[in-house]
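Please examine the sequence and the structure before turning to the solutions.

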Amino acid sequence: MQQRLDAGKIAPEGYRAMSGLQAYVTGCGLEPLLLELVKIRASQINGCAFCIAMHTKDARKLGESDERMHLLNAWEEAPVFSPRERAALAWTEAVTLVTEGHVPDAVYEEARRHFSEKELVDLTYAVMAINAWNRLAIALRAQPIVARTRAGA
């Protein structure tokens, strides 16, 4: 697969607008590591290899373990996530998969137990942003940046 188009070069105004939302999310006050977990989980759901590679690398730089990142696909069964992280991951899944039952009241109520009103709005902006980035990267076939390792047989 090859990248189809470079959105930043072709439509820099749109790219700057997306970057503005991302800058807000980055500085909103939510824990940086929590935001990376949200980005990884949404990217897993959407199948965005570019974003998964980027955000696992970013999470690792913040001190996240490979073990926890490997368990994100099964976070509901993995006891390694805090109640706040679990609420954020449930919120991420519900907002990302909004066509599959909207955002259930139970997910909202659990999120409200762990996030203030502003934090929940900011978390929603974070989920919106990564979903938008995923769609851009997937549609234009952005290639993941990964270290080359020995290929399997």
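Helices (H or I, at least four residues) and strands (E, at least two) are DSSP runs, numbered from the N terminus. The model is predicted: local features need pLDDT of at least 70, side-chain atom pairs count only at pLDDT 80 or more, and totals for chains, interfaces and linings use all residues. Residues are numbered from 1 along each chain as its sequence is written, and side-chain values use heavy atoms, with hydrogens and water left out.

**Exercise 1.** Determine the span of helix H6.

Solution. Step one: H6 covers residues 83-96, which is 14 residues. Step two: the expected span is 1.5 Å times one less than the number of residues. Step three: from first C-alpha to last, H6 reaches 20 Å, close to the expected 20 Å.

**Exercise 2.** State how H6 is covered.

Solution. Step one: buried means under 20% relative accessible area, exposed over 50%, and partly exposed in between (1.4 Å probe, protein chains only). Step two: 11 of the 14 residues of H6 are buried, among them Leu89, Trp91 and Val95. Step three: the cover includes helices H3 (32-46), H5 (66-70), H7 (105-114) and H8 (117-139).

**Exercise 3.** Describe the surroundings of Gln44.

Solution. Step one: Gln44 lies in helix H3. Step two: its relative accessible area is 19%, so Gln44 is buried. Step three: leaving aside residues up to four places away in sequence, Gln44 touches Ile52, Met69, Leu72 and Asn73, where contact means heavy atoms within 4.5 Å.
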